[in-house]
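The following note sets out numbered points on the model shown below. Please read them alongside the sequence and the coordinates.

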Amino acid sequence: MGVTVRSTNNIPRLKQVLRRLEGKEIHVGVFGEDNYQYGNDADLVTIAAVHEYGTTIRPKNAQYLTIPIAPEAKGKRAGDFSDLQPIGLDDGNGVLARVDGDNIQPVFALVKSVTIPERSWLRTGFDSNVDNIADKMEDLIDDVVNFNIDPDTFLDAIGTEFAGMIQRHMRTITSPPNAPATVATKGSNKVLFDTGRLVGAIRHRLE
C-alpha cells in the first residue's frame with residue numbers, strides 16, 4: 001500500500017507573509033494630491049493644518065482681510081460685489097456694507113488680522129483611538145499568519161478603520177466654538193464642518 005506524505009512546513013510561506021508586512025507604513029490624514037481648491041491659494045491640506053495647529057492670518061497684498069459675515073458672501077470675494085462701501089475704518093477695523101439711507105447691511109468685515117484657534121482633530125484623534133486600532137490589529141493578525149487574510153488586505157483594512165475613527169472623532173469636536181461671524185455665514189455652529197469636504201478627505205494610504 002502506497003503512502004503519500006505531504007509537507008506541513010509553512011515556514012517559507014510565513015516568511016513571505018512577514019516580508020510583505022515588513023517596513024510597511026499606514027498613513028492617515030489629508031493628502032496633498034486631493035488638492036481641493038478653496039479660494040485662490042489654500043487647498044484642503046492647508047485648511048486641515050490651520051485647524052490642527054491654529055494660525056494668525058494677515059493680508060499679504062492688501063491693507064485688510066475681507067471676512068464674510070453675511071450668508072450671501074460665503075465663498076465669494078469683496079470684488080464680486082459692486083455696491084459695497086467701507087464703513088468705520090480710520091486705520092482700525094470696519095465693514096464693507098450695502099448702504100441705503102439709514103439702512104446698513106454689513107457683508108464683509110475688514111480686519112488687520114484674524115486668528116483661527118487650534119482645533120486638533122488629527123493628533124487628538126490618534127491619541128483617542130490608538131489603543132482601539134491596536135486591538136483591531138491584534139484581532140486580525142492571527143488571520144494573517146494563518147494565511148486567511150492577505151497582508152495587503154490586512155493593511156488596507158486597518159487603514160480604512162483608522163481613517164474612519166479619525167473622521168468620527170472630528171465630528172465630536174465642539175471647542176473652541178465658531179466665531180459669531182462664522183456662524184452667521186455658515187448658518188450653523190458646527191465646528192470644523194461646512195461643506196463636509198474636509199472630513200470626507202480624511203483617508204489612508206500605504207507606504
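1. In β8, G94 has L110 as its bridge partner. G94 belongs to strand β7 (residues 94-100), which runs antiparallel to strand β8 (residues 103-111) and is joined to it by seven bridges. Strands here are DSSP runs (E, at least two residues), as are helices (H or I, at least four), and both are numbered from the N terminus. Two strands count as paired if DSSP finds at least two bridges between them.

2. On provenance, the model is predicted: local features require pLDDT of at least 70 and side-chain atom pairs pLDDT 80 or more, whereas totals for chains, interfaces and linings use all residues. Residues are numbered from 1 along each chain as its sequence is written, and side-chain values use heavy atoms, with hydrogens and water left out.

3. What is the order of the strands in the open sheet? Four strands are arranged as β5-β8-β7-β6, with antiparallel pairing. β5 (65-68) and β6 are at the edges and have a single partner strand each, so one side of each lacks a neighbour in the sheet. From one strand to the next, the twist averages 45°; the angles run from 0 to 180 degrees between N-to-C directions, with axes fitted to C-alpha atoms, for helices over the stretch in contact.

4. β5 is antiparallel to β8 over four bridges, and P68 has F108 as its bridge partner in β8.

5. Helix α1 (residues 11-21) and helix α4 (residues 151-172) have axes that come within 9 Å and cross at roughly 35°. The crossing is right-handed, meaning that the near helix is turned clockwise from the far one by less than a right angle. V17, R20 and L21 of α1 meet P151, D152, F154 and L155 of α4, a contact being heavy atoms within 4.5 Å. By class, this contact has five nonpolar, no polar and two charged residues; nonpolar covers Ala, Val, Leu, Ile, Met, Phe, Trp, Tyr, Cys and Pro, charged covers Asp, Glu, Lys and Arg, and the others, Gly among them, are polar.

6. In helix α2 (residues 44-53), the buried residues are L44, I47, A48, V50, H51 and E52. Buried denotes under 20% relative accessible area (1.4 Å probe, protein chains only). G54 follows α2 and has a positive phi, near 75°.

7. Overall, the protein chain has six helices and 10 strands. Of its 207 residues, 30% count as buried. Its accessible surface (Shrake-Rupley method, 1.4 Å probe) comes to about 13,100 Å², and carbon and sulfur atoms contribute 49% of that area. Among contacts with a separation of 6 or more, 68% involve residues 24 or more positions apart.

Terms used: Buried means under 20% relative accessible area, exposed over 50%, partly exposed in between (1.4 Å probe, protein chains only).
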